[in-house]
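Q: Could we go through this structure together? I would like to begin with the charged pairs and then move on to other topics.

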Amino acid sequence: MSDKKMPKELPACPVETTLSLIGNKWKVLILRDLMEGTMRFGQLKKSVGDISQKVLTAQLRDMEESGLVDRKVYAEVPPRVEYSLTELGLSLKPVLDAMVEWGMDYKSSLNHF
């Protein structure tokens, strides 16, 4: 990870640090989809949903700089680019699993009103 640019100063609070890395809707959805495995840009755009190409590109670049996502470019015509999670990105699986569980519990609790 030595070639990755890390933020100069991280927040003192660990929750704030995590939020600074994955604290928006698009990054969490990108992580969710890449947990399933390597994807090409077009596949990722379709699976994430209503995201513009510009925003997806920016989010992927930011996550790559943070060391969460790996980008591999193949020297083909047309060029093929694949995205996958790094070990650091994969280490967020328990966080996403907890979000899934909480979301299901919340939806279930709404049915009891």
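A: A salt bridge is a side-chain nitrogen of Lys or Arg within 4 Å of a carboxyl oxygen of Asp or Glu. This is a predicted model, in which local features need pLDDT of at least 70, side-chain atom pairs count only at pLDDT 80 or more, and totals for chains, interfaces and linings use all residues. Residues are numbered from 1 along each chain as its sequence is written, and side-chain values use heavy atoms, with hydrogens and water left out.

Q: How many salt bridges does that rule give?
A: The count comes to five salt bridges.

Q: Which residues does Arg-80 pair with?
A: Arg-80 meets Glu-76 in a salt bridge with an N to O distance of 3.0 Å. Arg-80 also forms a salt bridge with Glu-82, where the closest N and O atoms are 3.0 Å apart.

Q: Is Glu-82 buried or exposed?
A: Glu-82 counts as buried because its relative accessibility is 18%; buried means under 20% relative accessible area, exposed over 50%, and partly exposed in between (1.4 Å probe, protein chains only). Glu-76, with a relative accessible area of 35%, is partly exposed.

Q: What does Lys-93 pair with?
A: Lys-93 forms a salt bridge with Asp-97, and the closest N and O atoms are 3.1 Å apart. The two residues are separated by about one helical turn, because they are four residues apart in helix H6. Helices (H or I, at least four residues) and strands (E, at least two) are DSSP runs, numbered from the N terminus. Lys-93 is partly exposed at 42% relative accessibility, and Asp-97 is partly exposed at 39%. Elsewhere, salt bridges that share partners join Glu-76, Arg-80 and Glu-82 into one network.

Q: Changing topic, how many residues of H2 are buried?
A: Eight of the 10 residues in H2 are buried, among them Trp-26, Ile-30 and Asp-33.

Q: What does Ile-30 touch?
A: Ile-30 is buried, with a relative accessible area of 0%. Not counting residues up to four places away in sequence, Ile-30 touches Leu-44, Val-48, Leu-56, Gln-59, Leu-60 and Met-63; contact means heavy atoms within 4.5 Å.

Q: And which residues is Asp-33 in contact with?
A: Leaving aside neighbours within four places in sequence, Asp-33 is in contact with Met-39, Leu-44, Ser-47 and Val-48. Asp-33 belongs to helix H2 (residues 25-34) and counts as buried because its relative accessibility is 10%.
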